[in-house]
Amino acid sequence: MSRGRRLAPLALGLMLVVGFISAADAAQPTPSDHTYLLTRGMMTLGEARFTLGRQQDPNCWRYEYHAKPSGLARLFIGDVSERSDFCMADGKVLSQSFDFKRADKAKDDFSLRFDWQDGVVRSSAGEMRPLETGMVDRLAMQIAVQTWVIDRKGQPGPETFSVTKVEDERVKTYTFRITGRESVTTPAGTFDTVRVERVNDKKKSTVFWLAPSRGYAAVRVQQTKDGDEQIKMVLKN
């Protein structure tokens with residue numbers, strides 16, 4: 001995979017931004033539209049917008065993300081768009097399709113199709129890999145983690161949750177833990193939050209703060225590598 005394609009998920013991935021409501025049997029997503037400010041240290045990188053809408057099937061959703069770099073960041077990367085179609089079944093997330101597009105480097109574009117009947121994931125490059133329970137695309141992974149946090153009612157503890165993310169050229173497993181509760185201030189206001197961390201990578205750290213008052217949507221996300229901040233995202237509206 002090219003460095004250019006990896007830049008987008010490194011800077012913008014793993015952001016739990018949709019809102020949920022509690023139904024009788026399981027947490028359910030709700031339509032949402034959030035905009036975030038992206039920074040690295042003192043440098044503003046741009047804005048990211050996430051939208052979630054219900055499809056014709058009431059159990060299926062379309063989750064879209066668009067990042068628009070600004071300032072110096074535009075010298076290195078163009079607009080990035082991602083789209084995930086997924087369904088909810090018995091409280092589980094079933095990815096259906098995923099599309100990635102980068103305005104300044106079309107050769108990095110790719111798509112994935114999840115065929116649960118045949119048990120395979122097909123990529124736009126013509127590759128196939130086995131599809132197993134718990135595998136999701138990059139955006140749908142956010143939904144899977146949020147669902148787990150809500151099922152635990154946001155309570156910190158030693159329990160962990162693992163989910164496997166499918167990309168066009170690799171499959172990778174992430175493990176998360178609820179590590180505490182904190183008050184977080186953003187341009188959109190101050191929120192009481194649940195702190196969730198990725199715990200199975202010693203060099204790279206991803207922490208996100210979910211606000212129960214916003215349906216457990218993320219109000220802040222921070223990624224570090226070897227202790228140095230790589231990216232921070234805070235809720236703008």
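**Exercise 1. Identify which residues of the largest nonpolar core touch the most other members.**

Solution. The structure is a predicted model, in which local features need pLDDT of at least 70, side-chain atom pairs count only at pLDDT 80 or more, and totals for chains, interfaces and linings use all residues. Residues are numbered from 1 along each chain as its sequence is written, and side-chain values use heavy atoms, with hydrogens and water left out.

Step 1. A nonpolar core is a set of buried Ala, Val, Leu, Ile, Met, Phe, Trp, Tyr and Cys residues joined through side-chain atoms within 4.5 Å; buried means under 20% relative accessible area, with a 1.4 Å probe and protein chains only.

Step 2. The largest such core holds 55 residues, and Phe50, Phe86, Val93, Val149 and Val196 touch the most other members. Helix α2 supplies the largest share of this core, 9 residues; helices (H or I, at least four residues) and strands (E, at least two) are DSSP runs, numbered from the N terminus.

Step 3. Leaving aside residues up to four places away in sequence, Val196 is in contact with Val149, Phe176, Arg177, Ile178, Thr206, Val207, Phe208 and Leu210, where contact means heavy atoms within 4.5 Å.

**Exercise 2. Locate the disulfide and determine its handedness.**

Solution. Step 1. With a disulfide taken as a pair of cysteine sulfur atoms within 2.5 Å, a search of the whole structure finds 1.

Step 2. Cys60 is joined to Cys87, with an S to S distance of 2.0 Å. The pair links distant parts of the chain, 27 residues apart: Cys60 lies in strand β5 (residues 60-69) and Cys87 in strand β6 (residues 80-89).

Step 3. The torsion about the S-S bond of Cys60 and Cys87 is about 95 degrees, so the disulfide is right-handed.

Step 4. Cys60 counts as buried because its relative accessibility is 9%; Cys87, at 15%, also counts as buried.

**Exercise 3. Describe the lining of the second largest pocket.**

Solution. Step 1. A pocket is an open set of points on a 1 Å grid over the protein atoms alone, with protein on both sides within 12 Å along at least five of seven lines; lining residues have an atom within 4 Å of a point.

Step 2. The second largest pocket contains about 330 Å³ of space. Its lining has 16 residues, of which Gly91, Lys92, Val93, Gly134 and Phe161 are the closest to its centre.

Step 3. Two or more lining residues come from each of β7 (92-102), α2 (138-151) and β12 (160-166). The largest share, 4 residues, belongs to α2.

Conventions
On a 1 Å grid over the protein atoms alone, a cavity is a set of points where a 1.4 Å probe fits but cannot get out, and a pocket is an open set with protein on both sides within 12 Å along at least five of seven lines; lining residues have an atom within 4 Å of a point. Grid points are joined across faces, edges and corners, and a volume is the space filled by probe spheres set on the points. Buried means under 20% relative accessible area, exposed over 50%, partly exposed in between (1.4 Å probe, protein chains only).
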